[in-house]
Amino acid sequence: GKGTRETTEILCGILGESTCVGAIGPAGENLLPLSGMINSRNHSGGGGLGAVLGAKKLKAIAVQGNYSVPVADAAEVMRLNKYVLEDLIGANNNHVVPSTPQSWAEYSSPGSRWNARAGLYWEAAEGGPIETGEIPPGNINTIGYRTFKSIYDLGAAAGKYTVKMGGCQSCPIRCQAQMDIPKIRDFGAKYTTGGNTCVAQFSHAYFFSSAGGLDPETSVMANLLGLNAFDDLGLWENYGQLWRDFNWCLTHNVFQRVLPRAEYDSIPWQKIQNKDISFIQDVYEKLAKNDSEFAYLSHGSYILAQRWNLGQEYWDAQANNLWNTIGSALHHSSENAAQVGALINCFWNRDPMNHSVVNLTGSGLPYEIQKAKADKLWGVGALDQPNNYTPINEGKVNMTKWAILSMIIHNSLTLCNWVWPMTVSPLKSRDYDGDLDVEAQYMQAVTGEPCTTESLYLDAERIFTLHRALSTLQYNSRNVRRDHDETWNAWIFNRDPDKRPFTPGTTKMDRADLQRALTMFYRVMGWDETTGIPTRATLNRLELGDMADRLAAAGLLPA
């Protein structure tokens, strides 16, 4: 029944402050599907992990580390560290130019997460405000100032509440904003300090969208209040789908239709119009109990749509951001690198988070430079101009395969796909070239085993193909292409009705072109082009012959 923070504090009190604790909250204990695990107070692991631990009656895992990690070649690791930190690394999402014109930079881009600048402060820092300032590349001791994530996510009003940037162990980027807002106690907040990043940090104020939204100051308070309650209860938001589903049901009178009258009346709906941000905490506490009809809001979009009979309109609404009828929310899809982002969103069974492409397209460098890098790496035509897309080609398919496999490499090596791959660099002296061989060099230096970029990508191809084979078995489908990959929602092809695909100003996809893209991708992966299932030849090539036998025994292996 305890929250993740109190659980962490109790276990660290017993075992020592250096203990790292991963804990679930009431949501996981109550087997809520959209529940997560929180470690080190603010770091969240979603995807229903909380319910998995809850089903096992496992509240927390506490880990102590007392010794150094031995590496095979410490001198080489230190050399690589120096090289990466001085020559390659950017800000969050590897943005490599500043958001404002600065004396050291050839380029700037307003959307860059390298948003440190002169006159911009962590205003609530202990001991007094700290200026971020201009942070040219090369100085490894100031990298943590580059990404001022609270104002990037929440706007300028967040600056006066920002204590510092936090982050994952040993990462120099520091993309988690740590804030302190004492006033949120007035709205029932248990904690006034907290931090996270991206959707987990900036979406809690969406509950008030139907009332016209909140003013900037109240929005910052709402998001910290919501973040603290959310993480403490151990909830998960499915990449923002929780809030989109809430607003859809609210504005389409679904709650009035499906909730028992007494339950509907027990929810303080008037707080939305009154812009009383304590409503956020009311909602999260109700969801975490998982004992009401309302709690189905956190059972995932597929279950929600079935149980509440949301109809085709729900799936086809572009604002709901649902990529397919499986219930997956899009994540950097066709709006990012056209068919590359679209294909990436086709192959996963939940959040397809892949920042390998975004680390190039969001780098802040001019399109002409990005295009030249992409042409060299994956083939001519791999990267279109934003909102000016061309039909599928081999370069785009090669880029898609690289993006997926590089993300798998990072997951497997426990590298952050928000920082890696380092496709580009902040240094003009390098012609902004990154280095895609560094991961393999680290692997060899740490393990002492021979490792090349080619061998790493082969390992990733093996993992991805195994994932595909397991999905085929779990779906029990003889045609995963039809039953999984092509379950697109209509808005992908119907958006911008006054525009045609492949014309400037739209990210609308062409159905036949996207089907050709799938076929071409299956071909480069060695999967059957009709069914999207790995062939025996491919499984044998990747030393997965046992999986070929399992598929054959189930009658699912392509002929």
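Colleague: Which residues does Glu106 touch, not counting residues up to four places away in sequence?

Modeller: Contact means heavy atoms within 4.5 Å. By that rule, and leaving out residues up to four places away in sequence, Glu106 touches Lys428 and Tyr432. This is a predicted model, in which local features need pLDDT of at least 70 and side-chain atom pairs count only at pLDDT 80 or more, while totals for chains, interfaces and linings use all residues. Residues are numbered from 1 along each chain as its sequence is written, and side-chain values use heavy atoms, with hydrogens and water left out.

Colleague: Which side chains make a polar contact with Glu106?

Modeller: A polar contact is a pair of N or O atoms within 3.5 Å; within protein, one must be able to donate a hydrogen and the other to accept it, and residues adjacent in sequence count only if both atoms are side-chain atoms. The side chains of Glu106 and Tyr432 are joined by a polar contact of 2.6 Å, and those of Glu106 and Tyr107 by one of 3.4 Å.

Colleague: Why does Glu106 count as partly exposed?

Modeller: Buried means under 20% relative accessible area, exposed over 50%, partly exposed in between (1.4 Å probe, protein chains only). Glu106 is partly exposed because its relative accessibility is 39%.

Colleague: Where does Thr453 lie, and what does its side chain meet?

Modeller: Thr453 belongs to helix α20 (residues 453-475). With a relative accessible area of 15%, Thr453 is buried. Its side chain makes a polar contact of 2.6 Å with the side chain of Asp437. Setting aside neighbours within four places in sequence, Thr453 is in contact with Leu436, Asp437 and Ala440.

Colleague: How do α18 and α20 pack?

Modeller: Axes are lines fitted to C-alpha atoms, for helices over the stretch in contact, and angles run from 0 to 180 degrees between N-to-C directions. For α18 and α20 the angle is about 95° and the axes are 9 Å apart. That makes α18 roughly perpendicular to α20; the class covers 65 to 115 degrees, with under 35 roughly parallel, over 145 roughly antiparallel and the rest oblique.

Colleague: Which residues meet there?

Modeller: From α18, they include Trp402, Leu405 and Ile409; from α20, they include Leu456, Tyr457 and Phe464. The residues of this contact divide into 11 nonpolar, 2 polar and 2 charged. Ala, Val, Leu, Ile, Met, Phe, Trp, Tyr, Cys and Pro count as nonpolar, Asp, Glu, Lys and Arg as charged, and the others, Gly among them, as polar.

Colleague: How many aromatic pairs are found in the whole structure?

Modeller: Rings of Phe, Tyr and Trp (its six-membered ring) pair if their centres lie within 6.5 Å; planes under 30 degrees apart count as stacked, over 60 as edge-to-face and the rest as tilted. The search finds 32 pairs. One of them, Phe230 with Tyr284, is edge-to-face, at 5.0 Å centre to centre and 65° between the planes. Phe230 is in helix α7 (residues 216-233) and Tyr284 in helix α12 (residues 278-289), 54 residues apart, so the pair links distant parts of the chain. Phe230 is buried at 3% relative accessible area, and Tyr284 is buried at 0%. The rings of Phe246 and Trp269 have centres 6.4 Å apart and planes at 25°, so that pair is stacked. Phe246 and Trp269 are both buried.

Colleague: What does Cys249 touch?

Modeller: Not counting residues up to four places away in sequence, Cys249 touches Val254, Phe255, Trp308 and Leu310. Cys249 lies in helix α8 and is buried, with a relative accessible area of 1%. Cys249 and Leu310 are 61 residues apart in sequence and 8.5 Å apart in space, C-alpha to C-alpha.

Notes: Helix = DSSP H or I, 4+ residues; strand = E, 2+ residues; numbered from the N terminus.
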